[in-house]
Amino acid sequence: MNVPSFMSSCHNTHITCMMHGIIVISNGNADRSRWRSIRVMYFTMFLSSVGFTIVITSIWPYLKNIDESADASFLGWVVAAYSLGQMVASPLFGLWSNHRPRREPLVCSIFINVSANIYYAYVYLPPSYNKIHMLLARTLVGIGAGNVAVVRSYVAGATSLKERTSAMANLSACQALGFILGPALQAVLSFTGETGISVNVIQLQVNMYTAPALLAACFGVINILLVILVLREHFVDDHGKLIHAINYTPEERVDVAPEVEGDIDQIAVFTSNVLFFVILFIFAVFETISTPLSMDMFAWTRKEAVFYNGIILAAIGFESILVFLVVKVVSARIGDRPLLLGSLILIFAGFFILLPWGNQYPKIQWADIQNNTMPTTQLAPTPPSNTSLEPTGCPSEQTWCLFTPVIHLAQYITSDILIGVGYPTCNVMSYTLYSKILGPKPQGVYMGWLTASGSGARTLGPVFVSHVYTILGPRWAFSVICGIVLAAVVLLSAMYKRLIAFSVRHGRVNE
């Protein structure tokens with residue numbers, strides 16, 4: 001092998017080259033280690049997704065079970081608390097990962113997540129303010145989930161431009177797989193019932209509400225072990241050459257970050273953040289409202305809502321994996337931007353179909369008949385005294401139940417299918433485009449801001465939909481969502497030519 005004159009040293013198993021202050025590694029073992037580490041990030045994303053979705057369908061009935069004063073509006077705050085915690089933590093973990101080994105913020109965040117899930121399993125225990133304890137527990141779980149920025153920045157920095165779309169699709173596929181197993185495990189654990197098993201030694205009630213959180217905590221412990229034992233620091237340029245970044249920490253530590261000529265298109269960065277905000281906002285609305293909507297429209301009990309929505313979300317997750325497999329092929333043929341545009345249109349169609357139509361009305365709680373005509377002078381039914389029956393149907397306190405047409409199960413399922421195709425495509429394409437726009441520069445902080453943007457959406461989305469849905473009903477809530485999606489389509493169309501890769505923008509790689 002011919003060794004160039006700029007080479008600073010040569011070892012038996014690998015070649016280390018010094019060029020312009022950057023250490024470039026050509027090493028088969030390092031490449032295998034790089035992909036092992038990327039797969040640990042896949043698994044970390046998978047476990048993070050499982051840890052979130054495994055409780056999402058049971059939050060509402062658990063909240064009502066531990067605190068009768070909680071209403072749908074407070075549910076919005078509980079769901080939003082996760083995203084609020086993630087929004088605050090993501091840029092901080094991203095900044096940490098830019099200057100220190102990524103193992104540190106990952107282990108710290110996962111430990112917070114484990115502790116928060118154990119706390120969540122005990123929120124029924126205090127004699128009062130149980131709903132506040134649940135709010136705090138979900139906030140801490142969200143803080144732990146701030147490591148998503150670290151995970152995505154690691155994968156973006158450890159893959160070449162050619163590998164990026166496939167790697168990001170795999171990462172999102174692992175996230176979708178977590179969406180499958182999370183609700184599926186919740187559905188299985190729902191058979192433990194509300195009573196469950198008491199472990200008196202530690203004052204723990206293991207039931208359909210607490211068992212998923214405890215299982216998520218166990219997954220977190222496994223995750224910590226994998227990060228400590230397997231993860232290694234790797235960084236490559238757009239062409240796939242291995243580079244030791246600033247947070248590389250073996251004996252031959254490098255203290256100088258790679259310097260790359262050219263500036264980042266900040267308008268494209270801002271546009272990507274806005275689009276990602278919209279994508280996460282609309283999905284947060286969908287996942288928040290699914291349980292209350294199904295209980296109101298289909299007269300499901302709490303247990304039925306947890307079980308059936310768990311199955312539906314698991315099916316959507318399975319659908320998402322198929323979408324990711326197709327996306328990797330289609331993206332190579334038509335590009336990232338057309339896929340993003342098309343998937344936004346699919347999401348619009350999904351929410352448009354979910355709008356209530358017709359002249360059939362939902363069953364009202366405590367009413368023995370279903371309203372088939374527009375009520376004019378009907379008085380809202382009141383719950384009977386001294387009954388242990390669980391009320392089913394649309395609560396009369398929500399006045400829109402009396403005049404808003406029912407949403408049929410066929411509408412609900414069709415909407416699920418369309419959103420199940422559109423959302424995962426939007427998710428992976430937005431992340432892929434964003435990482436390409438940033439190029440080979442350190443992405444920890446930028447990914448932190450993108451994650452914070454999504455977390456902000458997941459904070460506002462549940463609060464928005466829980467209030468609008470409770471006060472005005474599904475027609476207003478989903479009409480506003482349709483308008484927001486159309487605005488995102490217009491923005492993407494206007495900024496279409498600017499959403500290109502860093503290397504393409506600076507003429508180093510042909511699009």
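One disulfide is counted in this predicted model, a disulfide being a pair of cysteine sulfur atoms within 2.5 Å. A disulfide is a covalent bond between the sulfur atoms of two cysteines. The pair is Cys394 and Cys401, with sulfur atoms 1.9 Å apart. The link of Cys394 and Cys401 is left-handed, with -55° about the S-S bond. Both cysteines of the pair, Cys394 and Cys401, are buried. Buried means under 20% relative accessible area, exposed over 50%, and partly exposed in between (1.4 Å probe, protein chains only). Cys426 is also buried, because its relative accessible area is 0%. Cys108 has a relative accessible area of 28% and is therefore partly exposed.

Residues are numbered from 1 along each chain as its sequence is written. The model is predicted, so local features need pLDDT of at least 70 and side-chain atom pairs count only at pLDDT 80 or more, while totals for chains, interfaces and linings use all residues; side-chain values use heavy atoms, with hydrogens and water left out.

Empty space inside the structure was examined next. Rolling a probe the size of a water molecule over the atoms shows where empty space is left. The search of the whole structure finds nine cavities of 30 Å³ or more. A cavity is a set of points, on a 1 Å grid over the protein atoms alone, where a 1.4 Å probe fits but cannot get out; lining residues have an atom within 4 Å of a point. Grid points are joined across faces, edges and corners, and a volume is the space filled by probe spheres set on the points. The largest cavity has a volume of about 240 Å³. It is lined by 19 residues, and the closest to its centre are Tyr82, Gln86, Val148, Gln175 and Arg458. The lining divides into nine nonpolar, eight polar and two charged residues. Here Ala, Val, Leu, Ile, Met, Phe, Trp, Tyr, Cys and Pro count as nonpolar, Asp, Glu, Lys and Arg as charged, and the others, Gly among them, as polar.

Several helices meet the criterion of supplying at least two lining residues each: H1 (28-56), H3 (72-99), H6 (148-157), H7 (161-189), H9 (266-298), H12 and H13 (444-472). Helices (H or I, at least four residues) and strands (E, at least two) are DSSP runs, numbered from the N terminus. Helix H6 is largely enclosed by the rest of the structure, because ten of its ten residues are buried. Val148, Arg152 and Tyr154 are among the buried residues of H6.

Asn427 lies in helix H12 (residues 409-438). Its relative accessibility is 4%, so Asn427 counts as buried. Leaving aside neighbours within four places in sequence, Asn427 is in contact with Arg152, Ser172, Gln175, Phe276 and Leu280. Contact means heavy atoms within 4.5 Å.

The nonpolar packing was then considered. In soluble globular proteins, nonpolar side chains tend to be buried together. The largest nonpolar core has 130 residues, and Met134, Phe351 and Phe478 have the most contacts inside it. H9 gives the most to this core, with 17 residues. Such a core is a set of buried Ala, Val, Leu, Ile, Met, Phe, Trp, Tyr and Cys residues joined through side-chain atoms within 4.5 Å. Not counting residues up to four places away in sequence, Phe351 touches Ile282, Val285, Phe286, Ser415, Ile419, Phe478, Ile481 and Cys482.

Two further buried positions sit in helices. Phe74 belongs to helix H3. Phe74 counts as buried because its relative accessibility is 13%. Beyond residues up to four places away in sequence, Phe74 touches Leu63, Lys131, Ile132 and Leu135. Glu319 is found in helix H10 (residues 302-334). With a relative accessible area of 16%, Glu319 is buried. Glu319 is in contact with Asp416, Ile417, Gly420 and Val421, leaving aside neighbours within four places in sequence.

Backbone angles pick out two loop residues. Tyr129 has phi near 55°, a positive value in a residue other than glycine. Tyr129 is in the loop between helix H4 (103-121) and helix H5 (130-144). Its relative accessibility is 63%, so Tyr129 counts as exposed. Gln203, also not a glycine, has a positive phi near 55°. Gln203 is placed in the loop between strand E4 (197-199) and strand E5 (204-206). Gln203 is exposed, with a relative accessible area of 53%.

Note on methods: 1 Å grid on protein atoms, 1.4 Å probe; cavity = no way out; pocket = protein on both sides within 12 Å on 5 of 7 lines; lining within 4 Å.
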